[in-house]
Structures are given as structure tokens and as C-alpha cells.
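Subject: Structure for you to look through

Hello,

Here is the structure I promised to pass on. Please open it first, then read my notes beside it.

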Amino acid sequence: MESLTNRKKVVSDKQMTFLESLYLPVVLAGMAMTFRHMFNKSATIRYPEQQRAFAPVYRGMHVLKRDEQGRENCTACGLCAVACPAEAITMVAGERLPGEEHLYREEKYAVTYEINMIRCIFCGLCEEACPKEAVFLTDRIVPTSFDREDFVYGKNRLVESIDNRIDITKRQHTGKRGKK
Ligand code: SF4
Ligand code: SF4
């Protein structure tokens with residue numbers, strides 16, 4: 001039969017020598033390599049006690065920002081959820097009631113806002129899509145857990161606290177796509 005290419009590999013069926021059939025040389029060679037690696041600098045680190053330096057544009061856990069007056073920026077427009085390729089964001093919109101002007105910046109706000117951190121691929125598209133500068137990714141790591149439910153982050157863990165604001169300026173100003 002005519003071959004399609006001229007790439008062929010000739011399979012050798014040469015008999016093993018007595019020494020080879022003992023497998024000792026290859027076992028010793030393997031052990032020598034293991035021994036050599038014992039004195040090499042380890043490529044792993046003892047996380048979480050030790051941490052590597054992150055790139056300035058690292059995209060980690062999200063934050064829902066408040067404005068200067070402490071009001072939530074998010075108006076539950078849903079654009080972040082539409083932009084999310086992992087379908088990780090869900091929300092329920094509500095109307096601001098009289099007297100709640102100090103809580104929410106606009107008439108509509110997110111009554112619930114959830115991000116499933118297991119689904120999230122930290123692409124940053126939600127941040128890009130948001131017209132209200134409400135959702136940003138930060139340099140914080142999502143903590144580990146043995147419980148899948150723990151990875152569904154609601155507003156209690158996403159909205160920044162009034163007295164402990166999350167600084168996002170470093171990543172925003174370092175990244176090429178940073179917002180002004
Ligand atoms: S970072 Fe990407 S995957 Fe994660 S919630 Fe935002 S848009 Fe979805
Ligand atoms: S975070 Fe931004 S894009 Fe998402 S619902 Fe709120 S305002 Fe809209």
C-alpha cells in the first residue's frame with residue numbers, strides 16, 4: 001500500500017542483553033536522578049504560609065464598590081451577568097424606597113447579587129461591562145473551602161464595607177485596559 005507521508009518509525013524488536021533484562025542499570029539511573037533532585041531548589045512553596053509575588057494585573061476576588069458617600073454603585077442593570085461567559089453572576093433587582101437614598105446611588109439596586117466563584121474564570125469581563133464602576137476584580141484570593149456552598153458569594157461578602165474600602169486603583173492603573 002502506498003504511504004501518505006514519508007514519516008515512518010521503524011520499530012525495533014532487538015533482544016535485550018542479559019544486563020538489560022535485569023533492569024538494574026535503568027533502576028539505578030532513575031534513583032540517581034531522584035537523588036540529584038533532592039539537592040535542587042524546590043519549585044514548590046508552602047502556601048498559604050508563603051506566597052509568591054503576584055503580577056500587578058492579577059485578577060482575583062471581586063468587590064462591589066460604594067461611592068464616596070457610601071452608597072452602593074450597582075444598579076442591577078444585569079450587564080455584568082450578560083457579559084459573563086461562565087454564567088457565574090445572578091442578581092435580583094429592586095426599587096429603592098424613599099429614605100434609602102443614603103444606601104443606594106440610583107433608584108434601582110441589587111437586592112441580591114451573587115457570584116459563584118467555582119464557575120468564575122476571573123476573566124474580568126464583568127468589570128469591563130459594568131457602566132457604573134460597581135464591580136471590580138481585586139488582588140485578593142478566594143479562600144478555600146470544603147463546602148461548595150461557600151463559593152457562592154453574596155452581597156455580604158462582595159460589597160465593600162464603609163469603613164474598610166478595598167483599594168482597586170493599583171490594578172486599574174497598572175493594567176493596559178484600566179479604567180480612568
Ligand atoms: S470574572 Fe469573568 S467569569 Fe468571573 S464573574 Fe466576571 S465575567 Fe464571569
Ligand atoms: S455590577 Fe455593574 S453591570 Fe453588574 S448589575 Fe451592577 S451596575 Fe450593572
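**What I found**

E95 stands opposite K108 in β3. Before more of that, some ground rules. This is a predicted model, in which local features need pLDDT of at least 70 and side-chain atom pairs count only at pLDDT 80 or more, while totals for chains, interfaces and linings use all residues. Residues are numbered from 1 along each chain as its sequence is written, and chains are lettered from A and ligands numbered from 1 in the order in which they are written.

**The sheet**

Two strands pair if DSSP finds at least two bridges between them.

Strand β2 covers residues 89-95 and strand β3 covers residues 108-116. They pair in the antiparallel sense over 7 bridges. Within that pairing, M91 stands opposite Y113 in β3. Strand β5 (residues 152-153) also pairs with β3, again antiparallel, over 2 bridges. There, N116 has V152 in β5 as its bridge partner.

Put together, 3 strands form an open sheet in the order β2-β3-β5, with antiparallel pairing. β2 and β5 each have a single partner strand and stand at the edges, so one side of each is left without a neighbour in the sheet.

**The core**

A nonpolar core is a set of buried Ala, Val, Leu, Ile, Met, Phe, Trp, Tyr and Cys residues joined through C-beta atoms within 7 Å. A residue is buried if 20 or more other C-beta atoms lie within 10 Å of its own, exposed if 12 or fewer, and partly exposed in between, with C-beta atoms placed from the backbone.

The largest nonpolar core has 20 residues. Those with the most contacts inside it are L64, C74, C80, I89, C126 and V135. β1 (62-64), β3 and β4 (135-137) each supply at least two residues of this core. β3 gives the most, with 4 residues.

Now take V135. Two residues are in contact if their C-beta atoms, placed from the backbone, lie within 7 Å. Leaving aside neighbours within four places in sequence, V135 is in contact with H62, L64, C74, C80, C126, E127 and C130.

**The two ligands**

A residue is near a molecule if its C-beta atom, placed from the backbone, lies within 6 Å of it. For the classes, Ala, Val, Leu, Ile, Met, Phe, Trp, Tyr, Cys and Pro count as nonpolar, Asp, Glu, Lys and Arg as charged, and the others, Gly among them, as polar.

Ligand 1 is surrounded by 14 residues. The closest are C84, C120, C123, L125 and C126. Its shell divides into 13 nonpolar, 1 polar and no charged residues.

Ligand 2 is surrounded by 13 residues. The closest are C74, C77, C80, C130 and V135. Its shell has 10 nonpolar, 2 polar and 1 charged residues.

**Buried or exposed?**

T75 lies in the loop between β1 and α3 (79-83). T75 counts as buried because it has 20 C-beta neighbours inside 10 Å. Leaving aside neighbours within four places in sequence, T75 is in contact with E106, K108, Y109 and K132. T75 and K132 are 57 residues apart along the chain, yet their C-alpha atoms are separated by 7.6 Å.

Helix α2 (residues 24-38) has 15 residues. From first C-alpha to last, α2 reaches 21 Å, close to the 21 Å expected at 1.5 Å a residue. The expected span is 1.5 Å times one less than the number of residues. α2 is hardly covered: its count of buried residues is 0. A29 sits in α2. A29 is exposed, with 9 other C-beta atoms within 10 Å. The C-alpha atoms of A29 and I162 are separated by 62 Å, and the two are 133 residues apart along the chain.

**Backbone details**

The peptide bond from Y47 to P48 is cis, with omega near 5°. P48 is in the loop between α2 and β1.

E87 is not a glycine, but has a positive phi of about 50°. E87 lies in the loop between α3 and β2. It counts as exposed, with 11 C-beta neighbours inside 10 Å.

E133 is not a glycine either, and has a positive phi of about 50°. E133 is in the loop between α4 (125-129) and β4. It is partly exposed, with 14 other C-beta atoms within 10 Å.

Best wishes
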